[in-house]
Amino acid sequence: MSRQWTIDAVLLDMDGTLLDTEKVYFDSLVAALTAFDYGEDAVALCHSMVGLPGPVCEAMLIEHYGPTFPMAGINQAFLVHRDEMMRSGLPLKPGTLALLDALAAADCPMAIVTASSRRGAERNLALAGIRERFDTVLTLDDVTRGKPDPELYLKAAAHLGVTPQACVAVEDSNHGVAAAHAAGAITLMVPDMAPPTDETRARCAAVLPDLNAVLVLLQERGALG
């Protein structure tokens, strides 16, 4: 029999975990860089940014391309491409609704813990049709240090009145896993754009194929009552 988990809350990353947005961001940034003739190494560079906050990504771009990098123009081109891709709404990752339904049915407290801005989180959750499911949404605007720093997860647990060690965190990126693990949460990974590193695997209680598998594991471990 697998060890049972006593869980007081489930903390969920947003982009790439619940919402199929990481590919939108990735493709939009690659397209913007290519439009400004920075496309040669854009794919590899953009892969290294998956799961990081926007300001960190901007700093990485300037460090990589130099102080003359046209950030304003790149940002504008990125937004145009992103908005076009999002025009018809945002798709959910497989298993999102089943997991959220099960957590609600079990009266398990849950929160969004995202490296996105408040504005971006509110927009994306609304576009995906799941904003009303969450009373607690923690964003980059709520902390001084974003992922991979654990501050977001520590603040989410405190907001819910639970200890991080009594939380399951679900993430899709290596940087997100680092944040959740450093906070002390039981960390599950459902990889999206980037595969887990060996270090990431060591930090996870499990690496799973989708959110349906996350739900099955929570049920098997008795985390949903």
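What follows is a short chat about salt bridges and strands in this predicted model.

Student: Why is the contact between Asp192 and Lys93 called a salt bridge?

Tutor: The closest N and O atoms of Asp192 and Lys93 are 2.8 Å apart. The cut-off is within 4 Å, for a Lys or Arg nitrogen and an Asp or Glu carboxyl oxygen, so the pair qualifies. By this rule the count comes to 14 salt bridges.

Student: What does the pair of Asp192 and Lys93 tie together?

Tutor: Asp192 sits in the loop between strand 5 (186–189) and helix 9 (198–203), while Lys93 is in the loop between helix 4 (71–85) and helix 5 (96–105), so parts 99 residues apart in sequence are tied together.

Student: How do you know whether Lys93 is buried or exposed?

Tutor: Its relative accessible area is 16%, and buried means under 20%, so Lys93 counts as buried. Asp192 has 23%, which lies between the 20% and 50% cut-offs, so Asp192 is partly exposed.

Student: What makes Arg118 and Asp142 a salt bridge?

Tutor: Here too the closest N and O atoms are 2.8 Å apart, and the limit is 4 Å, so the pair passes. Arg118 is in helix 6 (residues 118–128) and Asp142 in the loop between strand 3 (137–138) and helix 7 (151–160), 24 residues apart. Arg118, Glu122, Arg131 and Asp142 are linked in a network of salt bridges.

Student: Why is Arg145 called partly exposed?

Tutor: Arg145 has 44% relative accessibility; exposed means over 50% and buried under 20%, so Arg145 falls in between. Its side chain meets that of Asp149 in a salt bridge (3.1 Å, N to O).

Student: On to the strands. What makes strand 4 and strand 5 a pair?

Tutor: DSSP has to find at least two bridges. Strand 4 (residues 167–171) and strand 5 have 4 bridges, in the parallel sense, so they pair. Glu171 stands opposite Met189 in strand 5.

Student: Which residues of strand 5 point which way?

Tutor: Ile186 and Leu188 point one way, Thr187 and Met189 the other, and all are buried. Side chains alternate between the two faces of the sheet in a regular strand.

Notes
Residues are numbered from 1 along each chain as its sequence is written. This is a predicted model: local features need pLDDT of at least 70, side-chain atom pairs count only at pLDDT 80 or more; totals for chains, interfaces and linings use all residues. Side-chain values use heavy atoms; hydrogens and water are left out. Helices (H or I, at least four residues) and strands (E, at least two) are DSSP runs, numbered from the N terminus. Buried means under 20% relative accessible area, exposed over 50%, partly exposed in between (1.4 Å probe, protein chains only).
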